[in-house]
Amino acid sequence: MTTTYAMGDLQGCYVPFAALLEQIDFTPQTDRLWLAGDLVNRGPDSHAVINRLYAWHDRVQIVLGNHDLYALARWAGITAAKKNDTLGPLLADPHTDDWMEWLRTRSLLHTDPQLGWSMVHAAIHPDWDMASARGHADAVEDALRDRHWRRFLKSLWDAPAPNRWEDCRNEEEAQRFRVAVFTRARYVTAKGVFNWSSTAPKDTAREFAPWHERFFEKQTSESIICGHWATQGLLVQPRLLALDSGCVWGRQLTAARIDLDEPLIYQTPCPMFARPDSG
């Protein structure tokens, strides 16, 4: 079996990425690398990250995160730069068009039955088995790859996502909801109501719970790799590898070897490239 590693959010932190690749002795000719989204932004070297991954495109499996979609929207002129935006060197690079065309054809959900793992950036709806989740991911991926992809991407920024699938009144709202689940979700209620905020809901009765707790209550045979949740940190559980260990915030970058019966965890320390008050 091919040696396969999964890695948490890079967010433009190229130096720790290179250090972790050296630590695991990653060989692109023979090994495979899974990346749980948020490849770019907030860190200083998004262009270097994308350049390396583009060169290895046939050995790298990526799922898109919210920062990757934001980078596509910036490249397409759909949204203005936020105050914590560090995408300038990436967007100014002469290879940007090639890189971004490649990025917009990446997946939102990846499943490998042989390895027994599925990967998503943020979350999967607790009510979605993997066949349903695959269908929802396909709907978004098809729209991003369509010739009208700019129109679709703009629609994601035109209005907030509904907080519940049952509240989606049309396909445009359904697409916003799908994207929010796959790329932004953290907390959800037992009735499938999501909180899209990056902070914990003020709920003393614990109506809201981490999405993966709700998911594993209903989906009893799936094993998930994800990123996105730096404040939660690294979680290694029998059916969960949550690999965002806050590299861009000065903590660690984490990789897991996933072709073994028990994953092996590797980490490298990271400089603090972003601060909580940077937005």
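Helix H3, residues 66–75, is largely enclosed by the rest of this predicted model, because nine of its ten residues are buried. Those nine are His 67, Asp 68, Leu 69, Tyr 70, Ala 71, Leu 72, Ala 73, Arg 74 and Trp 75. The surroundings are helical: the buried residues of H3 pack against H4 (88–92), H5 (96–103), H6 (130–145), H7 (149–158) and H8 (171–184). Just after H3, Gly 77 takes a positive phi of about 75°.

H5 also meets helix H2, residues 46–55. Their axes come within 10 Å and cross at roughly 70°. That makes H2 roughly perpendicular to H5. The crossing is left-handed. From H2, the contact uses His 47, Ile 50, Asn 51, Leu 53 and Tyr 54. From H5, Asp 98, Trp 99 and Trp 102 take part. By type, the contact residues divide into five nonpolar, two polar and one charged.

Now the charged pairs. The structure holds twelve salt bridges. One of them joins Asp 127 to Lys 218, with the closest N and O atoms 2.5 Å apart. Asp 127 sits in the loop between strand E5 (117–120) and H6, and Lys 218 in helix H9 (211–218), so the pair ties together parts that are 91 residues apart in sequence. Asp 127 is partly exposed at 40% relative accessibility, and Lys 218 is partly exposed at 42%.

Lys 154 and Asp 158 meet at 3.2 Å, N to O. They are four residues apart in the helix, so about one helical turn separates them. Arg 164 and Asp 167 form a further bridge at 2.9 Å. Salt bridges with shared partners also join Arg 134, Asp 138, Glu 141 and Arg 145 into one network.

How values were computed. Residues are numbered from 1 along each chain as its sequence is written. This is a predicted model: local features need pLDDT of at least 70, side-chain atom pairs count only at pLDDT 80 or more; totals for chains, interfaces and linings use all residues. Side-chain values use heavy atoms; hydrogens and water are left out. Buried means under 20% relative accessible area, exposed over 50%, partly exposed in between (1.4 Å probe, protein chains only). Helices (H or I, at least four residues) and strands (E, at least two) are DSSP runs, numbered from the N terminus. Contact means heavy atoms within 4.5 Å. Axes are lines fitted to C-alpha atoms, for helices over the stretch in contact, and angles run from 0 to 180 degrees between N-to-C directions. Angles under 35 degrees count as roughly parallel, over 145 as roughly antiparallel, 65 to 115 as roughly perpendicular and the rest as oblique. A crossing is left-handed if the near helix is turned anticlockwise from the far one by less than a right angle, and right-handed if clockwise. Ala, Val, Leu, Ile, Met, Phe, Trp, Tyr, Cys and Pro count as nonpolar, Asp, Glu, Lys and Arg as charged, and the others, Gly among them, as polar. A salt bridge is a side-chain nitrogen of Lys or Arg within 4 Å of a carboxyl oxygen of Asp or Glu.
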